[in-house]
Amino acid sequence: MTPVILHIGVLALQGAFFEHIKLLRQAVSQLRPVSEESWNIVILEVRTANDLQCCEALIIPGGESTTVSLVAERSNLLEPLRHFVKVLRKPTWGTCAGLILLAESANRVKKGGQELIGGLDVRVNRNYFGRQTESFEADLNLTFLAEEASSDHEPFRGIFIRAPIVEKILPPASGEQKEEAVRDETVIAPAKDIIHGQGSWPVEVMATLPGRSKRLTEKLETAGLDEETGDIIAVRQRNVFGTSFHPELTSDVRIHIWWLREVLNTYLQRMSSDNPKEC
């Protein structure tokens, strides 16, 4: 049987892209079959629009979200990224800075200071947990990893470095989140026309950080958050997945395996109607 070739990209403009590539390769070697097909998964470093065209899925790594958006814009990659995520609706995962870029709204940003890709109907609070010196680790109960969990159900060790949080789930919108645009120090992603007749999909909360925000009363009051919403650290909306922590900086490959399985299942659903670009 001829193997199905699947190209998965990692945006390699800045940040921890090498660490993601390393864990992706480990995940490929440990991935259990999802179908009868034989798979040849190729990991690509994405720096140009041509690189992106080859990909059926993409990871946007942690780093400096402002720098990544600036380099993407100067490389004529920003609009292709929006098309990839919001029009073609291909699987995309953003970690930390990647989550910020994939949000439809981000606060604590000066107008014109940063461009967003969008794709997740959420508002993120950038650097919510503070400066680099206030970085921390925490054990996370990620219920979506049930199939990847070991027999003793080990928690996932999350690494938070100048991490954002999802401070509000926004109503699904086919255009811009215009109500967000009037907020102070808030930027929104531009609208893109949706194809494939997909309609609106709600945001799913995939993980929270219990108790952390309760100890940050002053920050909660300043940000206008309640205790529950201030804890959201992972979300998914249709094809887009975002985490505020850095799985790529650990040796734990479970999230990468889970995401790869999601990518393969999505690709199988699209194979009958789409013709992926040959690379």
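Q: Where does Arg238 sit?
A: In this predicted model, Arg238 is in the loop between strand 12 (232-237) and strand 13 (240-243).

Q: What is phi there, at Arg238?
A: Near 55°, a positive value in a residue other than glycine. Most residues other than glycine have a negative phi.

Q: Asn76 next. What about its phi?
A: Asn76 has a positive phi of about 55°, and it is not a glycine.

Q: Which loop holds Asn76?
A: The one between helix 3 (65-74) and helix 4 (78-87).

Q: And is Asn76 buried or exposed?
A: Exposed. Its relative accessibility is 62%, and the cut-off for exposed is over 50%.

Q: Switching to helices. How do helix 1 and helix 8 cross?
A: Helix 1 (residues 17-30) and helix 8 (residues 254-270) have axes that come within 9 Å and cross at roughly 70°. That angle makes helix 1 roughly perpendicular to helix 8.

Q: What is the handedness of that crossing?
A: Right-handed, for helix 1 passing helix 8.

Q: Which residues meet there?
A: From helix 1: His20, Leu23, Leu24, Ala27, Val28 and Gln30. From helix 8: His256, Ile257, Trp259 and Leu260. By class, this contact of helix 1 with helix 8 has seven nonpolar, three polar and no charged residues.

Q: How many residues of helix 8 are buried?
A: Twelve of the 17, so helix 8 is largely enclosed by the rest of the structure. Among the buried ones are Trp258, Val263, Leu264 and Tyr267. Arg254, Arg261 and Arg270 are also buried.

Q: What span should helix 8 have, and what does the model give?
A: At 1.5 Å a residue, the 17 residues should span 24 Å. The end C-alpha atoms of helix 8 are 25 Å apart, which agrees.

Q: Now Val122. Where is that?
A: Val122 lies in strand 6 (residues 120-125).

Q: Buried or exposed, for Val122?
A: Buried. Its relative accessibility is 0%.

Q: What is Val122 in contact with, leaving aside neighbours within four places in sequence?
A: Ala103, Glu104, Ser105, Val166, Lys168, Ile169, Leu170, Val203 and Val235.

Q: How far apart are the C-alpha atoms of Val122 and Val166?
A: They are separated by 6.5 Å, with the two residues 44 residues apart along the chain.

Definitions and conventions
Residues numbered from 1 in each chain as written. Predicted model: local features only at pLDDT ≥ 70, side-chain atom pairs only at ≥ 80, totals over all residues. Heavy atoms only, no water. Axes fitted to C-alpha atoms, helices over the stretch in contact; angles between N-to-C directions. Helix = DSSP H or I, 4+ residues; strand = E, 2+ residues; numbered from the N terminus. Parallel < 35°, antiparallel > 145°, perpendicular 65-115°, else oblique. Left-handed = near helix turned anticlockwise from the far one by under 90°. Contact = heavy atoms within 4.5 Å. Nonpolar A, V, L, I, M, F, W, Y, C, P; charged D, E, K, R; others polar. Expected span 1.5 Å × (residues − 1). Buried < 20%, exposed > 50% of the residue type's maximum accessible area, 1.4 Å probe, protein only.
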